[in-house]
Structure formats: structure tokens, C-alpha cells
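Please consider the structure shown below.

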Amino acid sequence: MKVAGYVRVSTNNEGQKESPENQKHMILDYINENDYDLYDFYTDVQTGTTDNREGLKKLIHDAENEEFDVIVAKELSRLGRNVELLYQLKRIAETKGVRLITLDGKVDTQDFSKQAMFGLYAWIYESESQRISDRIKSVYQMKYKSGKFMGSIPPYGYNLHEGKLLLRDDYTVDIVRDIFDKYLEGWGHDKIARYLTNRDIPTPSQVVGKSNAGLYWQGSTVKKILKNPHYVGDLVQGRETTMNVTNKTRKANNPNEWITISHAHEPIISRDVFEQVQKLLEQKARRGRGGTRKKKHLFTNIAYCSECGNGMWYRANRKGYICGTYAKHGNKACSNHAVKELELTEIILDDLKNMSSSLDHPNLESKIEKKVKATAKKNESRLESIEKQVQKQMELKRNALQKFISEDISKQDYDDFVSMVQEKLQQLELEKVEIKKEMAESHETSKISAIIEQLKGFLQFNKLTSEMLLRFVDKIEVTENKDVRIYYKFAQVEGL
């Protein structure tokens with residue numbers, strides 16, 4: 001019996017009783033007492049109210065693939081504090097024949113006498129988390145009313161010191177004023193963003209040192225600054241809240257629910273300017289709501305810039321496409337890679353016609369069939385070899401567990417070895433995925449006669465359509481000097 005051990009703590013600061021190592025030792029003792037095998041440990045350092053946990057996601061994925069026979073956790077609250085999530089896990093386990101056990105003796109999905117209590121324990125754990133969440137929100141409300149800024153990152157142009165917003169002694173204050181001035185002059189969000197990017201102005205994320213900070217200003221960032229009431233000197237908090245303890249989606253509160261402390265810090269923008277900007281934003285939003293849905297053009301989501309890899313955007317005034325990165329951020333980020341739609345259409349139609357002619361000879365199908373069979377045989381042999389390697393690695397894992405239980409190796413040595421084996425297993429799994437993908441592609445291209453007939457049927461109308469592109473073209477790349485590279489969906493077949 002293969003056991004999946006699930007381990008979770010809410011933070012790295014939890015005491016010894018709830019520590020990951022303590023939970024792992026308890027699970028290992030259970031495995032040893034029952035003469036089971038450890039499949040793997042799945043570990044999270046995160047709240048149990050959310051299902052957005054990497055360890056839990058992997059546990060569910062492997063359970064659905066029937067990789068193990070038993071899931072063991074210290075108690076049900078380790079698996080989650082969310083009724084819906086726990087019932088989902090229970091259903092998956094039952095459907096796939098996986099037993100779910102907690103070491104406190106309260107849960108065992110193969111013990112009928114304990115099944116009725118599952119829902120009660122799930123409800124208790126979720127209710128406990130909701131009470132804690134409500135208490136935390138009450139504390140925050142009190143601190144909001146005391147005039148303390150509770151966000152972790154201050155607005156652009158401010159520093160945070162002991163809960164108070166202070167003006168930064170640098171260029172960022174002038175940038176905020178410049179953004180408001182430019183918007184009142186008639187500049188749009190994206191135009192202001194391009195202007196700031198081309199001036200090499202660091203983005204708000206770069207200023208605060210975020211590790212994943214983007215290189216370019218975004219129109220959405222500019223709009224967020226324009227709508228932020230902190231810039232008139234008011235401290236406005238409680239504008240958003242989570243739905244509940246199990247749904248972390250944030251919803252906007254009504255303005256009458258916001259907690260506002262007037263004149264809490266030094267302003268950057270006058271109230272008059274701020275109110276003018278808000279009126280202009282609302283006017284533009286109303287015009288946008290009354291607009292029509294944008295037309296999807298022929299090469300949308302098919303044509304890409306060869307340099308940056310982003311999609312090409314249609315521009316009516318050019319009757320063609322330009323690089324989306326250039327359109328959004330200017331020549332600081334990429335060049336325009338402009339190409340006319342008519343020109344692109346003619347290139348692809350001519351290429352499809354040439355391909356149709358080259359396909360029209362008698363020996364092509366037999367050549368492709370022979371190639372497909374040879375490739376399939378080779379791939380099947382590779383898969384068999386990988387399966388043998390997987391079994392060998394699993395055996396090494398089981399032997400390592402026995403050595404650890406009998407104290408022939410240390411916990412650190414066991415963890416290091418299991419980590420090395422797991423890495424090898426992941427590599428083998430990736431190889432399997434690639435081989436199966438090749439096999440699926442070979443199967444598709446073996447239907448060459450159908451491809452030829454469909455291509456000829458489309459071409460007789462002498463017009464390029466969305467259906468043709470969807471059927472035959474994977475993607476199109478446009479280079480800076482307007483060269484076009486076409487990637488076909490059956491390009492892996494020799495001769496096409």
C-alpha cells in the first residue's frame with residue numbers, strides 16, 4: 001500500500017506540536033506500524049481555507065491519477081478548513097478508491113461509523129477559521145479609524161513610517177503630478193504609460209523593489225494612480241474586502257463603507273485637480289460602456305512579433321498590424337514590425353497554393369505512412385524503457401524508507417535521496433509527455449489524404465479565411481524587415 005502523507009502549517013513560526021517535521025514523523029510511524037510504503041510527502045506552508053496550495057494541488061492530481069492508495073494527515077484541519085474543499089477531496093478519494101485517514105482517529109473513509117462525522121468536523125474547522133478572520137477584520141477596522149495606514153506598500157510618491165504616509169524626497173512626487181497634468185491635457189492611460197517608459201522612469205513596483213517588477217509602465221497602473229484618493233491627503237481604507245474566509249476573491253465595498261480620515265498626510269494633488277480627473281474618468285467610462293465589441297481581425301491571435309514574441313495588433317489607420325509591445329510601450333520595448341493585412345494574406349495564400357501543388361504526387365502517402373510507423377515503433381520502445389526506469393526509481397525510494405525507519409540513514413540523507421529520486425521521476429515524466437505528444441502528432445499527420453482534400457477544397461475559392469488559418473496554421477511570425485515565417489500544424493512531417 002502506497003501512502004501519501006500530507007503536511008501543512010499556516011506559517012513557518014508554528015510550534016513544535018504542529019511543525020512539519022513532527023507531522024512527518026507521526027505519518028512515518030503510522031507507515032512503519034502498518035508495513036506500508038511511503039509514496040511521497042506533500043507539504044504546504046499556507047492557510048487551510050484556500051485550495052490554492054501547490055502541495056494540495058499535486059496531492060489531488062496524483063490521487064486522480066491513482067498514484068497511491070492512502071492519504072494520511074495528522075488531522076482533518078491539516079488538509080483544510082474549507083467544507084467545500086474537504087468534500088471535494090473526499091469525493092475524489094472515494095471515486096479513485098483512495099483511503100483518507102487522519103491520525104487523531106476522527107476520519108477514516110473506509111470506516112462507515114466515522115463517515116457521518118466527516119461533515120461535522122469540516123464545518124467546525126471552517127467555522128473556527130471564520131471566527132478568527134472576523135476578529136482580525138475588527139482589529140483592522142479599529143486601526144483604520146485611528147488613522148493608521150494598514151497597507152504593506154504605500155502609494156507611489158509616499159514612504160511609510162510608523163503607520164503614517166510621508167512624501168518621498170525624490171522624483172516620484174513630480175511624476176504623480178505629471179500624470180494628473182497629462183491626463184487633464186487629454187492624454188490617455190496608455191500614452192502616459194509609454195511616455196514614462198520612454199523617459200526610463202522606474203515603475204511603482206521597481207521603486208519598492210518587488211522581485212517580479214515589470215520593466216514597463218502599464219495603462220492600468222496609470223489609471224490606478226489617477227483614481228487613488230490618498231493623493232489629496234486623505235487616508236481612505238476599507239475600499240475592498242474578501243468575500244469570506246474560504247473565498248479570497250476581493251470585492252469592492254460601497255463608498256459609504258469606506259473609512260476616510262481627512263487631512264491625514266501631506267497631499268500631492270489639489271482636491272480641485274483630483275475632482276476634475278474623476279469626472280473625466282467617469283465620462284470616458286460611460287462612453288466606453290455604450291460602445292460596441294471590438295471586431296476580431298483575420299490574424300488576431302495568429303500573427304506574432306518575431307522579436308519579443310507578443311501578438312500583433314490590428315490598426316485600422318494602417319490597414320494592417322503592428323507589434324503589440326510596441327503599440328503599448330513604444331520603441332523602448334520593441335520596434336513596430338508593421339505589415340499590411342492584404343500583404344500578409346497574399347503571402348500565406350501563395351504559400352498554401354505552392355504546398356498544395358507539392359503534395360499532389362502518388363508516392364507521398366506511402367512515404368509518410370512508413371515514416372509514421374517507424375516513429376511509432378521507436379516511441380513505444382522509448383516508453384517501455386522509461387517505465388522500467390520509473391519502477392527502478394520507485395524501488396530505490398522504498399528501500400530508502402526502510403533504511404530510514406531502521407535508522408541506517410539519517411533523516412537528512414533520506415530527504416536528500418528522496419528529493420534526488422523525485423527529480424529523476426519528474427524528468428522521466430516530462431520525457432513521457434513529450435513522447436506521447438509526438439505520437440499524437442504522428443497520428444494526425446498520417447491522415448495526409450484528408451489534409452490534401454481539405455486544403456484543395458479551401459483553395460478553390462481563392463480566399464484566405466479564418467477557418468483555413470485555424471485548420472492549417474499554428475502561428476505566423478513577422479520580422480522587423482517584414483519577412484513572414486509560417487508555422488504549419490503538420491510541419492513535422494518530412495516533405496511538407
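The axes of α7 and α10 come within 10 Å of each other and cross at roughly 95 degrees. Axes here are lines fitted to C-alpha atoms, for helices over the stretch in contact, and angles run from 0 to 180 degrees between N-to-C directions. On the α7 side V176, I179, F180 and Y183 take part, meeting V222, I225 and L226 of α10; contact means heavy atoms within 4.5 Å. By class, the residues of this contact are 7 nonpolar, with no polar and no charged ones. In this classification Ala, Val, Leu, Ile, Met, Phe, Trp, Tyr, Cys and Pro are nonpolar, Asp, Glu, Lys and Arg are charged, and the others, Gly among them, are polar.

The model is predicted: local features need pLDDT of at least 70, side-chain atom pairs count only at pLDDT 80 or more, and totals for chains, interfaces and linings use all residues. Residues are numbered from 1 along each chain as its sequence is written, and side-chain values use heavy atoms, with hydrogens and water left out.

Helix α10 (residues 219-226) also packs with helix α8 (residues 189-198), the two axes coming within 8 Å and crossing at roughly 105 degrees. Helix α8 is therefore roughly perpendicular to α10. The contributors are H189, D190, I192 and A193 from α8, together with G219, V222, K223 and L226 from α10. The residues of this contact comprise 4 nonpolar, 2 polar and 2 charged.

K182 belongs to helix α7 (residues 172-184). With a relative accessible area of 12%, K182 is buried, a term that means under 20% relative accessible area, whereas exposed means over 50% and partly exposed lies in between (1.4 Å probe, protein chains only). Apart from neighbours within four places in sequence, K182 is in contact with W187, I192 and Y195.

The loop between α8 and α9 (204-207) holds I201. I201 counts as buried because its relative accessibility is 11%. Its contacts, neighbours within four places in sequence aside, are with Y156, Y171, I175, L196 and W217. I201 and T172 are separated by 29 residues in sequence, while their C-alpha atoms are 8.9 Å apart in space. D200 is placed in the loop between α8 and α9 as well; its phi is near 60 degrees, a positive value in a residue other than glycine.

Elsewhere, H337 has a positive phi of about 50 degrees although it is not a glycine. H337 lies in the loop between α12 (324-329) and β14 (339-340), and its relative accessible area of 1% makes it buried.

What enclosed and open spaces does the model contain? On a 1 Å grid over the protein atoms alone, a cavity is a set of points where a 1.4 Å probe fits but cannot get out, and a pocket is an open set with protein on both sides within 12 Å along at least five of seven lines; lining residues have an atom within 4 Å of a point. Grid points are joined across faces, edges and corners, and a volume is the space filled by probe spheres set on the points. There is 1 cavity of 30 Å³ or more, and the volume of the largest cavity is about 30 Å³. Its lining consists of G147, F149, G163, K164, L165, L235, A264 and H265.

The second largest pocket has a volume of about 480 Å³. Its lining has 18 residues, and Y39, E67, Q422, L425 and E429 lie nearest its centre. Elements giving two or more residues to this lining are α2 (54-64), α14 (364-405) and α15 (411-445), with α15 giving the most, at 6 residues. By class the lining has 5 nonpolar, 5 polar and 8 charged residues.

For the protein overall, the secondary structure comes to 17 helices and 16 strands; helices (H or I, at least four residues) and strands (E, at least two) are DSSP runs numbered from the N terminus. Buried residues make up 39% of the 496 residues.

Technical notes
Angles under 35 degrees count as roughly parallel, over 145 as roughly antiparallel, 65 to 115 as roughly perpendicular and the rest as oblique.
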